[in-house]
Amino acid sequence: MEVANELMVRGIVVGVFQENCWVIGNRRTGEAICIDPGDQPEEILALARDMGVTIKAIANSHAHLDHILGVHGVHEATGAKFLLHASDLDLLQNGWKTSARKMGLDLAQGPPDPDGYVEDADIVEVDGVRLRVITTPGHTTGSVSYYNDDAKFLFSGDTLFRGSIGRTDMPGGSYAEELTSITEKLLVLPDETVVLPGHMQETSVAFEKEHNPFVQDWERRRAATEGG
């Protein structure tokens, strides 16, 4: 996908969880940001090479197992700076072990500690690629989304899917927080914004405002509460 004269975005589905990892690169500078390397780091690195870019930053939307299994390999191969919201640090350091045991996965190497932390309105930037951080708690306490203001594309992690939302029944999850994040932070973006989620196919802000049943139910409940 070419989103601007110099920007390229390509995704790869990785691992047993079928997670979407995204690489956003600049054809002129050859630098890129990798969003959520969930597994199969060699395939992610091969995708970057095919795009003609080098990953200079790893920006994670959250720290669930299916989004962090490939971080170590990409980080080690590229020296890219690994970024995460601090509220997901315990999940990054410890939560993956519990999840791996439940899945029967024998993992010798966990993810590295972050090289830096992101907060709301921070800018994650490499040469020619610029993403704005939007904190979107609900799926996890430290969930964030990344938005490119110029090309209007949004990496929503597991907060917003096409016609659905991320699960909120795991530790740190909150249905109310997630729907608040979606309606007050994501669906206020321009209608033409392309949404690139952590699983399943892409969507748009316009489509989700019109067709997402969770959003519509939340808006009805909120209107009833305010009206009552």
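A disulfide is defined here as a pair of cysteine sulfur atoms within 2.5 Å. In general terms, a disulfide is a covalent bond between the sulfur atoms of two cysteines. The structure is a predicted model, in which local features need pLDDT of at least 70, side-chain atom pairs count only at pLDDT 80 or more, and totals for chains, interfaces and linings use all residues. Residues are numbered from 1 along each chain as its sequence is written, and side-chain values use heavy atoms, with hydrogens and water left out.

Zero disulfides are found in the structure. C21 takes part in none, its nearest cysteine sulfur being that of C34 at 3.5 Å. C34 is likewise in no disulfide, and the sulfur of C21 is the nearest to it. C21 counts as buried because its relative accessibility is 0%, where buried means under 20% relative accessible area, exposed over 50%, and partly exposed in between (1.4 Å probe, protein chains only). C34 is also buried, with a relative accessible area of 0%.

Helices (H or I, at least four residues) and strands (E, at least two) are DSSP runs, numbered from the N terminus. Six strands form an open sheet with mixed pairing, in the order β1-β2-β3-β4-β5-β6; two strands pair if DSSP finds at least two bridges between them. At the edges stand β1 (7–14) and β6 (116–117), each of which pairs on one side only. Strands β5 (residues 81–84) and β6 run parallel and are joined by two bridges; L84 has Y117 of β6 as its bridge partner.

Two helices pack on this sheet. Helix α1 (residues 41–51) touches β1, β2 (19–26), β3 (31–35) and β4 (54–59), contact meaning heavy atoms within 4.5 Å. The direction of α1 makes about 155 degrees with that of β1; axes are lines fitted to C-alpha atoms, for helices over the stretch in contact, and angles run from 0 to 180 degrees between N-to-C directions. Helix α3 (residues 71–78) touches β4 and β5, and its direction makes about 140 degrees with that of β4.

N148 belongs to strand β9 (residues 144–148) and counts as buried because its relative accessibility is 4%. The side chain of N148 reaches the backbone oxygen of R130 at 3.0 Å. Leaving aside residues up to four places away in sequence, N148 touches L7, R130, L131 and F153.

In the loop between β13 (194–197) and β14 (203–204) lies M200, a residue other than glycine with a positive phi near 70 degrees. M200 counts as partly exposed, at 46% relative accessibility.

Key:
Polar contact = N/O pair within 3.5 Å; in protein donor to acceptor, adjacent residues only side chain to side chain.
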